[in-house]
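Me: I have a structure to go through with you. Let's take it in short questions, starting with the inside.

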Amino acid sequence: MRECTHVADLPRPEPEPGDRTCRQCLEAGVHPVQLRLCLECGHVGCCDSSPLRHATAHHRRTGHPVMRTFEPGESWRWCYVDGSIV
């Protein structure tokens with residue numbers, strides 16, 4: 001794992017969530033598991049434990065590097081580019 005260099009470039013304050021859940025899962029009729037918030041644009045997607053992995057798909061599509069958990073009581077962040085918790 002490398003040290004993340006992307007956090008310094010994130011918008012401040014962090015973006016408002018675009019939704020309260022993974023809209024793409026709901027549209028597909030799938031229950032989202034463990035939500036993630038893109039810290040670049042506010043996209044809310046499901047984690048890789050969900051069948052459709054929309055948070056990772058969002059990163060691949062946009063290149064936005066850092067997300068944080070969108071689960072109550074959790075506060076960790078993940079950098080897709082560096083493969084590390086930040």
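Me: How do the residues lining the largest cavity divide into nonpolar, polar and charged?
Reply: This is a predicted model. The lining includes L37, V66 and M67, along with H43, H58 and R36. By class, the lining residues come to six nonpolar, five polar and one charged.

Me: Which elements each supply at least two residues of that lining?
Reply: The cavity in question has a volume of about 70 Å³. Its lining runs over R36, L37, C38, H43, G45, A55, H58, H59, H64, V66, M67 and Y80. The elements that each give at least two of the lining residues are β1 (35-38), α2 (54-62) and β3 (66-69).

Me: Which elements give two or more residues to the largest nonpolar core?
Reply: The core has eleven residues in all: C4, L10, C22, C25, L35, L37, L39, V44, C46, V66 and C79. Nonpolar side chains tend to be buried together in soluble globular proteins. Here, two or more core residues come from each of β1 and β2 (44-46).

Me: Is T69 buried or exposed?
Reply: T69 sits in strand β3. Its relative accessibility is 0%, and the cut-off for buried is under 20%. T69 therefore counts as buried.

Me: Which side chain does T69 join in a polar contact of 2.7 Å?
Reply: T69 is in contact with L35, R36, E74, S75 and W76, leaving aside neighbours within four places in sequence. The side-chain partner in the 2.7 Å polar contact is E74.

Key
Residues are numbered from 1 along each chain as its sequence is written. This is a predicted model: local features need pLDDT of at least 70, side-chain atom pairs count only at pLDDT 80 or more; totals for chains, interfaces and linings use all residues. Side-chain values use heavy atoms; hydrogens and water are left out. On a 1 Å grid over the protein atoms alone, a cavity is a set of points where a 1.4 Å probe fits but cannot get out, and a pocket is an open set with protein on both sides within 12 Å along at least five of seven lines; lining residues have an atom within 4 Å of a point. Grid points are joined across faces, edges and corners, and a volume is the space filled by probe spheres set on the points. Helices (H or I, at least four residues) and strands (E, at least two) are DSSP runs, numbered from the N terminus. Ala, Val, Leu, Ile, Met, Phe, Trp, Tyr, Cys and Pro count as nonpolar, Asp, Glu, Lys and Arg as charged, and the others, Gly among them, as polar. A nonpolar core is a set of buried Ala, Val, Leu, Ile, Met, Phe, Trp, Tyr and Cys residues joined through side-chain atoms within 4.5 Å. Buried means under 20% relative accessible area, exposed over 50%, partly exposed in between (1.4 Å probe, protein chains only). A polar contact is a pair of N or O atoms within 3.5 Å; within protein, one must be able to donate a hydrogen and the other to accept it, and residues adjacent in sequence count only if both atoms are side-chain atoms. Contact means heavy atoms within 4.5 Å.
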